[in-house]
Amino acid sequence: MPDTDTRTAPFTEAETVHGGCHCGAVRFEAVTALDSLGDCNCSRCARLGWVMQSVPARDFRLISGAEALTPYRFNTERIEHLFCAVCGIESFARGTDAEGQALYMVNVNCLEGVEIDRGRIHHWDGRSL
Ligand SMILES: [Zn+2]
């Protein structure tokens with residue numbers, strides 16, 4: 001299937017997806033079914049308005065833009081929010097899960113050719129954490 005096809009997430013099977021920031025400095029790819037879409041009402045996520053999908057570190061690859069990534073941490077500081085120093089877009093974050101496994105949080109809004117079934121977004125109550 002060509003990359004130009006638009007698909008609606010969640011997918012039934014894992015696929016390679018490509019994404020990045022707005023100016024194009026930051027580019028990445030990930031292998032995921034986008035089957036655990038989430039948003040969050042915490043003080044930062046509510047402002048950002050992103051839709052997250054967690055991806056194990058082994059299934060994520062940064063293609064370009066490492067030098068443009070600027071980290072931001074808050075609250076428990078377990079998640080490193082990485083935004084592009086040029087265009088300001090956070091296309092992914094990285095951190096560890098509850099078991100200490102490295103993971104990435106992909107901003108599904110930053111993926112190419114991906115539409116989101118908004119009825120399938122899980123709403124995390126991050127404000128209460
Ligand atoms: Zn950028």
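Is Glu29 counted as buried or partly exposed, and at what relative accessibility? At 21% relative accessibility, Glu29 counts as partly exposed, because buried would need a value under 20%. Keep in mind that this is a predicted model.

**Aromatic pairs around Phe60**

- A pair of aromatic rings is described by how far apart the centres are and by the angle of the planes.
- Take Phe60 and Phe92: their ring centres sit 4.8 Å apart with the planes at 50 degrees, so this pair is tilted.
- That pair links distant parts of the chain, since Phe60 belongs to strand 6 (residues 60-64) and Phe92 to strand 9 (residues 92-96), 32 residues apart.
- Phe60 and Phe92 are both buried.
- Phe60 also pairs with Tyr104, and this time the rings are stacked, at 4.0 Å centre to centre and 10 degrees between the planes.
- Phe60 is in strand 6 and Tyr104 is in strand 10 (residues 102-107), so the pair ties together parts that are 44 residues apart in sequence.
- Like Phe60, Tyr104 is buried.
- Step back and you'll see a cluster: ring pairs link Phe28, Phe60, Phe92 and Tyr104.

**The salt bridge between Arg61 and Glu29**

- Back to Glu29, whose side chain meets that of Arg61 in a salt bridge, 3.2 Å from N to O.
- Here too, distant parts of the chain are linked: Arg61 is in strand 6 and Glu29 in strand 3 (residues 27-32), 32 residues apart.
- Arg61 is partly exposed, with a relative accessible area of 45%.

- Glu80 forms a salt bridge with Arg73, and the closest N and O atoms are 3.9 Å apart.
- That still counts, because the cut-off for a salt bridge is within 4 Å.
- Glu80 has 14% relative accessibility, so it counts as buried.
- Arg73 comes out at 39% relative accessibility and counts as partly exposed.
- Glu80 also meets Arg94 in a salt bridge, at 2.8 Å from N to O.
- This one links distant parts of the chain: Glu80 is in strand 8 (residues 79-84) and Arg94 in strand 9, 14 residues apart.
- Arg94, at 31% relative accessibility, counts as partly exposed.
- Put together, salt bridges that share partners join Arg73, Glu80 and Arg94 into one network.

How values were computed: Residues are numbered from 1 along each chain as its sequence is written. This is a predicted model: local features need pLDDT of at least 70, side-chain atom pairs count only at pLDDT 80 or more; totals for chains, interfaces and linings use all residues. Side-chain values use heavy atoms; hydrogens and water are left out. Rings of Phe, Tyr and Trp (its six-membered ring) pair if their centres lie within 6.5 Å; planes under 30 degrees apart count as stacked, over 60 as edge-to-face and the rest as tilted. Helices (H or I, at least four residues) and strands (E, at least two) are DSSP runs, numbered from the N terminus. Buried means under 20% relative accessible area, exposed over 50%, partly exposed in between (1.4 Å probe, protein chains only).
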